[in-house]
Amino acid sequence: MRGRQGTARGRAGSGRGRRLAAGCVGVAVVLGGVLPGQQAAAAGGFRSGPGDAGSSGTPGTYAFAEDARRVDGAMSPADAVELEPGRSYRSTLPATGTVHYRLELDDTTNLYASATVVPPPGRGTSVIDGVRVSVRDSEGRSCDADTSSLGSGGSPHPVAAWAMREISPRRSPCDDAGTYYLAVERAAPEAKGASPDPWEMELTTVSEPALEGTGPTRAPGEWNSAPPEPVTGQPERRAGGAGFTEATAVGQGVWRDGIRPGQTLFYKVPVDWGQQLYATVDLGGPGPAGGGFAAAALDLDLYNPARGHVEDLGMSYNGEPKSKSLAPLPEVAHGNRLDPGRQTGVMRFAGSYYLVAHLTAEVADDFGDGPVPLTLRIRVSGAVQEGPRYAGQTVPADVFTVTGEDRDAAAGGGTAGDGAAYRSLALGGIGTGSALLAWLGVWTMVVRRRARP
């Protein structure tokens, strides 16, 4: 199970549709194109039974945001480059020392900054190593800090931590407008077995405006903490993504994939205001004859829309089916941030919640490097409630909302916006394909006429 610590303050389609899609795919192949989601589906396709192919992507790889800007962290705050809210950045975290990035903040907006570190694959590392992040004011005082470790398996894989500058109901030095800094460092670089190499890193920042009028003055109170029965039914095959920005959308249901030793899969679940999220993970079997045992085989982590860590679980594996559920979580509510409990405080936003599954590389020692069946059973319960009225715009826009496109993507297995792109490309493909077929028809007639005596 992932070790965590921090100082965060209170904080199914019809047959007709399938035939139409198949026709569009055929046209795309003729024209040399690929429809949105087609490449991932083809690469991550399944073969039933123990031969499940699993998701596309090489174990140990991470899909950084395509638009991430490369920046260098500064050893001194005075040399720090500015991070703009809503943008993604790619940087490098050295084995030792703290790197700094500058934040220019007003006196009304909450700012959430996260760092996702990617240790190099193929090397062991310390179970207590990971990433530590903090937001500090111009005088070096900490506004907030958080640490994420690699967990009991010690298998290199992406982990994320976040820190915030939150406008407090009680006067705080961190409420003032001015220059702040995001400081990032390794959690335990000197620990036995810690990787001596620099780590690649993805940085994101999200801003949240103040509320119109007076917001809640206390946490919502008691919530339903009784775990429901896991969702049942025939699993639908859904290949996981290789990073936060490529996370595969899923909703309530049963979703299956194959995960290889050393691989990390990313999924995202739209959870609206007033809703609760429940997740159970099944690790399949049976394994090969002779068995084996991995004490820390699987890590499953849940992150909120700002990549704040919510909950995690660890699971052993002996080649036989295993199942485990995340602890019940409260309904999503803006007022959750006023609860002193960390687990409640992080459930402060609606939006995409990320489930990140990692199978430790050591599983290959006893069971080979083929994919192990992985099943996610997801339940989203509760009536959708009206969200808070913000006095401004979140950055990125709609990061703390659930749209119709989000729900469509979760049902269809893509990302928000894929549906429109698919339809546009499909129509274009059909139009171009029709023109091509017409041209081929004319060409055939000309050839036949020329062939006549």
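**Cores and a pocket in a predicted model**

Reader: How much space lies in the second largest pocket?
Author: The structure under discussion is a predicted model. In this model, the space in the second largest pocket comes to about 780 Å³.

Reader: Which residues lie nearest the centre of the second largest pocket?
Author: The lining of this pocket is made up of 28 residues. Two elements, β10 (199-208) and β19 (351-359), each give two or more residues to that lining. Nearest the centre are Thr245, Arg307, Tyr354, Pro396 and Val399.

Reader: How many residues in the lining of the second largest pocket are charged?
Author: By class, the lining has eleven nonpolar and nine polar residues. The charged residues in the lining number eight.

Reader: What percentage of the residues in the protein chain is buried?
Author: The protein chain holds six helices and 20 strands. A residue counts as buried when its relative accessible area is under 20%. Of the 453 residues in the chain, the buried share is 47%.

Reader: Which residues touch the most other members of the largest nonpolar core?
Author: The largest nonpolar core has 48 residues. A second, separate core of 37 residues includes Ala115, Val133, Leu150 and Tyr354. In the largest core, the residues touching the most other members are Leu355 and Ile378.

Reader: Which tryptophan is in contact with Ile378, leaving aside neighbours within four places in sequence?
Author: Contact here requires heavy atoms within 4.5 Å. With those neighbours left aside, the contacts of Ile378 include Val231, Val250, Val269, Leu277, Tyr278 and Leu355. The list also contains Gly251, Gln252 and Gly253, together with the tryptophan asked for, Trp255.

How values were computed:
Residues numbered from 1 in each chain as written. Predicted model: local features only at pLDDT ≥ 70, side-chain atom pairs only at ≥ 80, totals over all residues. Heavy atoms only, no water. Helix = DSSP H or I, 4+ residues; strand = E, 2+ residues; numbered from the N terminus. Buried < 20%, exposed > 50% of the residue type's maximum accessible area, 1.4 Å probe, protein only. Core = buried A, V, L, I, M, F, W, Y, C linked by side-chain atoms within 4.5 Å. 1 Å grid on protein atoms, 1.4 Å probe; cavity = no way out; pocket = protein on both sides within 12 Å on 5 of 7 lines; lining within 4 Å. Points joined across faces, edges and corners; volume = space filled by probe spheres on them. Nonpolar A, V, L, I, M, F, W, Y, C, P; charged D, E, K, R; others polar.
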